[in-house]
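Visitor: I would like a close look at one part of this model. Please take me through its salt bridges, residue by residue.

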Amino acid sequence: TESLPSDVQPSLRSWLKKLMSVEEGPGSDKTIFAGARTAAMQASKLLVPCRFNKDCTNPKCEYMHAKSIQVYDGVRVGNIIDKDSKHIMAMMAVTGAFVQLSKHTVFWMVGTQAAVVLAEKALRQAMFQATPCRFGMKCTNQECKFRHPRGHSIDDARRETGPACHFGGECTAFDCKFKHPKGHCVFKARRRTRVECKFGWACRRRYCAFAHDYNS
C-alpha cells in the first residue's frame, strides 16, 4: 500500500478507483492505494501535476495534465452529454482521461498527456457534430463536419446552389452537378435531342447524352 495526500478532486478520485483497488483511510486526510507497486506508482503519478502542463511536449508523460476547452457558440451541451453522462463515460473509456463539464460551460480534461490529447480530439469532433451548419440544406462542402438537417444531400445542394448548367433544360446528363431550370427531366431532354452519337450502336457509355440509332 501507499499513502497519498487527500487534496484530490472527488471526481478524479472516483476515476482512479477504476484503475486499481482504492480504500479510504481513517478520516479524510489520506487515500490508500492497494495493489502492485507499479500500479500504486502509476496512480501516484496521476495525482502529481506536470510542471509543464500545457507546454508539455512529451507524448509519453505520465504525470497529471489539465486542459480546458471553451464550448463553441451554438453547441447544445445535451447533444454531447446526456442526463446519465453516457457520452462522457464512453469518452473516458476510449481516451483514458477524466472529462468534466464545469458550471461555466468549459470542458476539463485531466489525465496523462496522451489521454488529454485524445480526449481533446474526441471532444472537438463531438462539438462540431453537435453544431448546426450555417448553410443548412445548401451546404456543398464534402468535408463539412457540422450537423446538417435530415435529408441533406451534397449533390442536391450543388444542383440547387451551384452555377447554371450550360445546356439548361436540354441537359441530358444523369450525373450533371450544375443547376437546372425547375421541372427539368433528363428523360424528356433525351427524347428531344437530335444530336447523334458519333459511336452509334457501338457506344458503351452508360449515360451518353447523344441520340443513338440501333437500326442501322
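Guide: This is a predicted model, and two salt bridges are found in it. Start with Lys67 and Glu120. Their side chains meet in a salt bridge, at 2.9 Å from N to O. Lys67 sits in strand E4, residues 65-70, while Glu120 belongs to helix H5, residues 113-130, so this pair ties together parts that are 53 residues apart in sequence.

Now turn to the other pair. Arg124 forms a salt bridge with Glu120. Here the closest N and O atoms are 3.4 Å apart. Both are within the 4 Å cut-off for a salt bridge. Arg124 and Glu120 lie in helix H5, four residues apart, so about one helical turn separates them.

Lys67, Glu120 and Arg124 are linked in a network of salt bridges. Glu120 takes part in the contact with Lys67 and in the contact with Arg124.

Glu120 has a relative accessible area of 15%. Buried means under 20%, so Glu120 counts as buried. Lys67 has 29% relative accessibility and is partly exposed. Arg124, at 28%, is also partly exposed.

Terms used: Residues numbered from 1 in each chain as written. Predicted model: local features only at pLDDT ≥ 70, side-chain atom pairs only at ≥ 80, totals over all residues. Heavy atoms only, no water. Helix = DSSP H or I, 4+ residues; strand = E, 2+ residues; numbered from the N terminus. Buried < 20%, exposed > 50% of the residue type's maximum accessible area, 1.4 Å probe, protein only.
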